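Hi there,

Here is the structure I promised to pass on to you. My notes on its side-chain contacts follow below.

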Amino acid sequence: MSVLAELLDALRSHRVEVIDLTAPLHSGTPILQLPPPFANASPFSLTEISRYDERGPAWYWNDIHTSEHTGTHFDVPVHWITGKDGEDVSQVAPERLIAPAVVLDFAEQSAADPDFLLEIDHVLAWEAEHGPLPDGGWLLYRTGWDARSEDAEAFRNGGASPGISVECARWLADEAPIRGVGVETVGTDAGAAHSFDPPFPCHSFLLGAGKYGLTQLQNLARLPVTGSVVISGPLPIVGGSGSPARVLALVER
Ligand code: MN
């Protein structure tokens, strides 16, 4: 049997399960809130074009209004000043949108301390137990924040949300073989990361190193620690700094 026929057979028989890591996209989907004087992204919204009426008797459709960074989305290098000469979202090679993933679970620590930061030692301890981070793959950082994603206030949590330390972000960008970091929070950086040096170190170092971010993921608790494959589908917005994305994981049972 061909590899693809085998995959289809495994999907049909549920030996390979498809898990949706994407948050539903609607007007209440939480978005980042930067303090003045900074400009903010738009929430998601629909504007009806027609709905089986005089504007279009047999069809229903909407315009969508969104930012590139609303809901579950994909960050690319050009999003940050450190990556300004790097890829825009239309330039990401399609092969890179299918990649191995591992899950580092710090939900318990994040529940105890919403400002919890992932450190290099946490990752080294994880590697000692589970093996190296995947070459060209995703480090998916579970914090339990997806449970808050339908409650914008709880999701924002007064600006306190878990993230990654400056040293760890630099190490993941420069030393680790991963292609990107995926998180459950509104962005890859901690809620307090505006006060770090440099500010927003995940964005600064990872995007500066040509790597990617995935944010507002859900259902990471349903993934195995190692061995899943993530398929992410950002729109190829020409010149875009990111895009809302459907993100799926393939898991072997
Ligand atoms: Mn973003």
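This is a predicted model: local features need pLDDT of at least 70, side-chain atom pairs count only at pLDDT 80 or more; totals for chains, interfaces and linings use all residues.

Which residue lies over the face of Tyr60? Arg51 does, at 4.0 Å from the ring centre. A charge counts as sitting over a ring if NZ of Lys or CZ of Arg is within 6 Å of the ring centre and within 35 degrees of the ring normal.

Residues are numbered from 1 along each chain as its sequence is written, and side-chain values use heavy atoms, with hydrogens and water left out.

Now to the salt bridges (a side-chain nitrogen of Lys or Arg within 4 Å of a carboxyl oxygen of Asp or Glu). The whole structure holds twelve of them. In one, Arg253 meets Glu17 with the closest N and O atoms 2.7 Å apart. Arg253 lies in the segment after β12 and Glu17 in strand β1, so this pair ties together parts 236 residues apart in sequence. (Strands are DSSP runs of E with at least two residues, helices runs of H or I with at least four, numbered from the N terminus.) Another salt bridge joins Asp20 to Arg246, with 2.6 Å between the closest N and O atoms. Since Asp20 lies in strand β1 and Arg246 in strand β12, the pair ties together parts 226 residues apart.

Arg142 and Glu184 also form a salt bridge, at 3.4 Å between the closest N and O atoms. Both residues are buried (under 20% relative accessible area; exposed is over 50% and partly exposed in between, with a 1.4 Å probe and protein chains only). Shared partners join Glu48, Arg51, Asp53 and Arg55 into one salt-bridge network.

Finally, the rings. Those of Phe, Tyr and Trp (its six-membered ring) pair if their centres lie within 6.5 Å; planes under 30 degrees apart are stacked, over 60 edge-to-face and the rest tilted. The count comes to six aromatic pairs. Phe74 and Tyr212 make a tilted one, 5.2 Å centre to centre with 45° between the planes. Phe74 is buried at 0% relative accessibility, and Tyr212 is buried at 1%. Ring pairs link these two residues and Trp138 into a cluster.

Best wishes
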